[in-house]
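Student: I would like to learn how to read a structure step by step. Could we go through one together?

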Amino acid sequence: PGFEYVDRISKKIEKVWLRTLTAGQKAGTFRSDVDVNLTYRFIRDNVWCCVRWYRPSGRYRPEAVAAQYLKLLHGGLLAE
């Protein structure tokens, strides 16, 4: 009780992401062969998981994390 606003805000944020992803697909900026709902969850969960392990004073600099994540996102994991 008292935290109902979290669910309401989460739903609003999700709608913004889904509108943005759908608009990007329609504009040809984003791939049209991926499900926007799963894409949103993929992005959300990867961002949220970082808060559990990332430490600013730790081993990884923010730029290194971003570069590695983008490399995986754009290029995948499989060797060419």
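**A buried residue and its surroundings**

Tutor: Let us begin with Gln25, which counts as buried at 19% relative accessibility; buried means under 20% relative accessible area, exposed means over 50%, and partly exposed lies in between, with a 1.4 Å probe and protein chains only. This is a predicted model, in which local features need pLDDT of at least 70 and side-chain atom pairs count only at pLDDT 80 or more, while totals for chains, interfaces and linings use all residues. Residues are numbered from 1 along each chain as its sequence is written, and side-chain values use heavy atoms, with hydrogens and water left out.

Student: Where is the place of Gln25, and which residues does Gln25 touch, not counting residues up to four places away in sequence?

Tutor: Gln25 sits in helix α1, which covers residues 4-27; helices (H or I, at least four residues) and strands (E, at least two) are DSSP runs, numbered from the N terminus. Leaving out residues up to four places away in sequence, Gln25 touches Phe30, Arg31, Ser32, Val34 and Val36, where contact means heavy atoms within 4.5 Å.

Student: How many helices and strands does the protein have?

Tutor: There are three helices and zero strands, and the pattern along the sequence reads α-α-α. The radius of gyration of the protein is 16 Å, well over the 12 Å that the globule rule gives for 80 residues, so the protein is more spread out than a compact globule. That radius is taken over C-alpha atoms, and the globule rule is 2.2 Å times the number of residues to the power 0.38. Along the principal axes, the C-alpha atoms fill a box of roughly 40 × 35 × 20 Å, and 10% of the 80 residues count as buried.

Student: How is a pair of aromatic rings described?

Tutor: A pair of aromatic rings is described by the distance of the centres and the angle of the planes. Rings of Phe, Tyr and Trp (its six-membered ring) pair if their centres lie within 6.5 Å, and planes under 30 degrees apart count as stacked, over 60 as edge-to-face and the rest as tilted. In this structure, a search of the whole model finds four aromatic pairs. One of them is edge-to-face and joins Trp53 and Tyr60, at 6.2 Å centre to centre with 85 degrees between the planes.

Student: Which residues form one aromatic cluster?

Tutor: Trp53, Tyr54 and Tyr60 form one cluster. Trp53 is partly exposed, with a relative accessible area of 39%, and Tyr60 is also partly exposed, with a relative accessible area of 38%.
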